[in-house]
Amino acid sequence: MASIPPEVFHATAVELNQRLLRKDFTAAELARAFLERMQSQGRQTWALLLKDESRQRARDVDRELKRDRIRGALQGVPFCVEDSLSVARHPTSWGSPIFAKQVFDTNAAVVDRLNKSGAVLTAKIKARELGGAGRLSPLRTCAAVEAVANGLTPYALGVEAGGSLLVPASAHRLTILKPTYGLVSRFGAVPVSWSLDRIGIIARSAHDCGHILHAVAGGDDRDAGSSGKSFHYALQYVAPLSTFRIGFAPPDFEGAAAAPLRAVLDLLKRAGATLVEVRPPDYPFESAARTIQAAESSAAFADLIASGAIDQLSDRRQADGLRSGLELPAVQYLTASRVRRQIQQAMNELIAPLDLLIAPAHPVEQEDSPGGGGSSTSGRTRRMTAHAAAADLAGLPVLALPGPHGEHAIQCICLIAKANGENTLLQAAHYVQSQEDWHKPQPPA
Amino acid sequence: MRKDSRISRRSLALILGLPALPASGTAQQPGPVDQRQILRQDAIELAKVKLPRECAPAFRFQP
């Protein structure tokens, strides 16, 4: 049996697949190594370790590789999903004791699709309770993000609504892709907010995100929000970066906290991209998102609120948030939805003459001072910059990737593309990560 | 004094046709004031947006 060197645990999925093809180790050895690491570290991270299934799956992949049956860049590479996604015949608790005994007889669509691509599901990661439904602001911590950051899995998937994965993934300097709304089926996922939920991909590189999206994207009649579109990761068909027009709001890059991120702008400029100054639309993004999410979450869990079961949630504020959402006037929900339509139109007009928008993952003032204030992003957008918050509501694809290291600095930058323009996002992000090592783990001091 | 118009958990359960807890003094917990205030403030912020009358909600949302 080949020993698995420690650097493997922080390698990207593509690198691991290449090593499998080179026969540095087998898929079974790789799965076993990750499972042992999972058992010895981060015991609090796991909802369920799928030891037998993953070993069997890995052995199947090894047999395929012996016969030269190549399925793609994820074949034989372990991965994890949040417990907010169903795995057939295993408990799917949605992170809550209320659903501890819930068992589905089907896999979430993304699990099935990754299985078909030869990926090896090794564990379910503890989810935020009810996927975060009822929370009026996202948690800064997320077990799925921590599992990737700590080298316990090369990548993970979970339910993302309103920055619930993007915010913690940015803090951990990971690469996260939020695909266009409707591109990836949410069948088998906890319903946090039907019109906002997307499957988020947490990985170590944009290249990995591209391959993962290629595997999981596609229409699905079982998801009412599915657009029926597919995605092929093919950077060779994307226009060269030198022809890109990239919009940015100068105030987003002012201040000490955003200083390192100006290096990303410089890098793109040196590649020949044209930087265009833009002004983000001015709308109450957070109010619209919070209203829509509160109403939809409370409607989804109305039975639990009525029965009093939500009092079993560990966070009282989350239960309170669900109750508050149920009392929301219908007019407020409709107004938020109408404002959302305006935001969608404004974003489409803003991005129409551009290839990409670029913005820090957080507003400058959020890092500069806890009180906030000033800057183009205004006090209304506390979690994400105006551009990122608007893209969230407009359903546009967002990719966040780490910028240069810096103390008290914003760690990640967001790229936003037109709907279904994921290859454009990945083209720019892949260029940045091929030129700089900002996304690679920093060696200990 | 204005009567609290909040719907009780028991009434809500009855409206939704769901099993309800027995009526008692403890069935309705005190309200989550701060969460409600946040959402009320959101309503004020949303009301400030000038919306054309023909602007429809983003139902059947597709980007």
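Helices (H or I, at least four residues) and strands (E, at least two) are DSSP runs numbered from the N terminus.

The model on display is predicted: local features need pLDDT of at least 70, side-chain atom pairs count only at pLDDT 80 or more, and totals for chains, interfaces and linings use all residues. Residues are numbered from 1 along each chain as its sequence is written, and chains are lettered from A and ligands numbered from 1 in the order in which they are written.

Next, show the residues between the two helices. From α7(A), select Ala206(A), His207(A), Cys209(A), Gly210(A) and Leu213(A), which meet Glu422(A), Leu426(A), Ala429(A), His430(A) and Gln433(A) of α15(A). Residues are in contact if their C-beta atoms, placed from the backbone, lie within 7 Å. This contact comprises 5 nonpolar, 4 polar and 1 charged residues; Ala, Val, Leu, Ile, Met, Phe, Trp, Tyr, Cys and Pro count as nonpolar, Asp, Glu, Lys and Arg as charged, and the others, Gly among them, as polar.

Move on to Leu235(A), in the loop between α7 (206-216) and β7 (245-248) of chain A. Beyond its neighbours within four places in sequence, Leu235(A) touches Asn423(A), Leu426(A), Gln427(A) and His430(A).

Now colour chain A by domain: domain 1 (6-216) and domain 2 (239-286 + 331-435), with bounds from an automatic or database domain assignment. Their C-alpha centres lie 26 Å apart. Domain 1 of chain A contributes 24 residues to the contact and domain 2 of chain A contributes 21 residues. On the domain 1 side, α6 (166-171), β5 (175-178) and α7 of chain A each give two or more residues.

Finally, bring chain B into view. The contact between the chains takes 42 residues from chain A and 29 residues from chain B. On the chain A side, α9 (285-300), α10 (302-307), α11 (316-326) and α12 (330-351) each supply at least two residues, and α12(A) gives the most, with 11 residues.
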